[in-house]
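User: I would like to learn how to read the packing and the charged pairs of a model. Could we work through an example together?
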Amino acid sequence: MWQRLLAVGLMGLAGYGVYQLLNKENDEGTVFSSKDNLEVFNLKGTSKNKATCCGSWIAHHKKQAPKSKNCCSVKGCSGVAEVGAHVQLERKDNRWWIVPMCKGCNKRDDETLELNKGVYLVSANISKTCG
């Protein structure tokens, strides 16, 4: 499924030190993994958005990411990843990403969270990922 792994920043995300994964069908950077801990904002009020292509956001993450862990992505948390949480890299960035998270960390709405190294962020834009 994956064409190649590039050690480059995503368009508009220079300075995050991310690895971009490009999907065979498009080169729009729909999945990437950070080589360092990454700060994200957990988005509030996203439960009404459904992953119609996969049934749930955690299933969407498992389908799209080359590796999807069963543990929470938040640094310092050892909880089981039960949901696919909607996050943004910065408040002014309008792209939403999905990461595995426990329900407790996912309730930390509209707050900066630090993710573990190597966590895959999958685009929440299903027209680009599942299209």
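User: Which residues have the most contacts inside the largest nonpolar core?

Analyst: As a general idea, nonpolar side chains in soluble globular proteins tend to be buried together. In this predicted model, the largest nonpolar core has 18 residues, and those with the most contacts inside it are Val 40, Val 99, Met 101 and Leu 121. The elements that contribute two or more residues to this core are β4 (38–42), β5, β6 (97–101) and β7.

User: What does Leu 121 touch, leaving aside residues up to four places away in sequence?

Analyst: Its partners include Val 31, Phe 32, Val 40, Val 87, Trp 97, Val 99 and Leu 115. Leu 121 belongs to strand β8 (residues 120–123), both faces of which are covered, with Tyr 120 and Val 122 buried on one side and Leu 121 and Ser 123 buried on the other. Strand β8 runs antiparallel to β6, to which two bridges join it, and the bridge partner of Trp 97 in β8 is Ser 123.

User: How many salt bridges does the structure hold, and which side chains meet there?

Analyst: In general, side chains of opposite charge can pair when their charged atoms come close. Here the structure holds one salt bridge, in which the side chains of Lys 75 and Glu 114 meet at 3.8 Å, N to O. Lys 75 lies in the loop between α1 (57–64) and β5 (83–88), whereas Glu 114 lies in strand β7 (residues 112–115), so the pair ties together parts that are 39 residues apart in sequence.

Key: Residues are numbered from 1 along each chain as its sequence is written. This is a predicted model: local features need pLDDT of at least 70, side-chain atom pairs count only at pLDDT 80 or more; totals for chains, interfaces and linings use all residues. Side-chain values use heavy atoms; hydrogens and water are left out. A salt bridge is a side-chain nitrogen of Lys or Arg within 4 Å of a carboxyl oxygen of Asp or Glu. Helices (H or I, at least four residues) and strands (E, at least two) are DSSP runs, numbered from the N terminus. A nonpolar core is a set of buried Ala, Val, Leu, Ile, Met, Phe, Trp, Tyr and Cys residues joined through side-chain atoms within 4.5 Å. Buried means under 20% relative accessible area, exposed over 50%, partly exposed in between (1.4 Å probe, protein chains only). Contact means heavy atoms within 4.5 Å. Two strands pair if DSSP finds at least two bridges between them.
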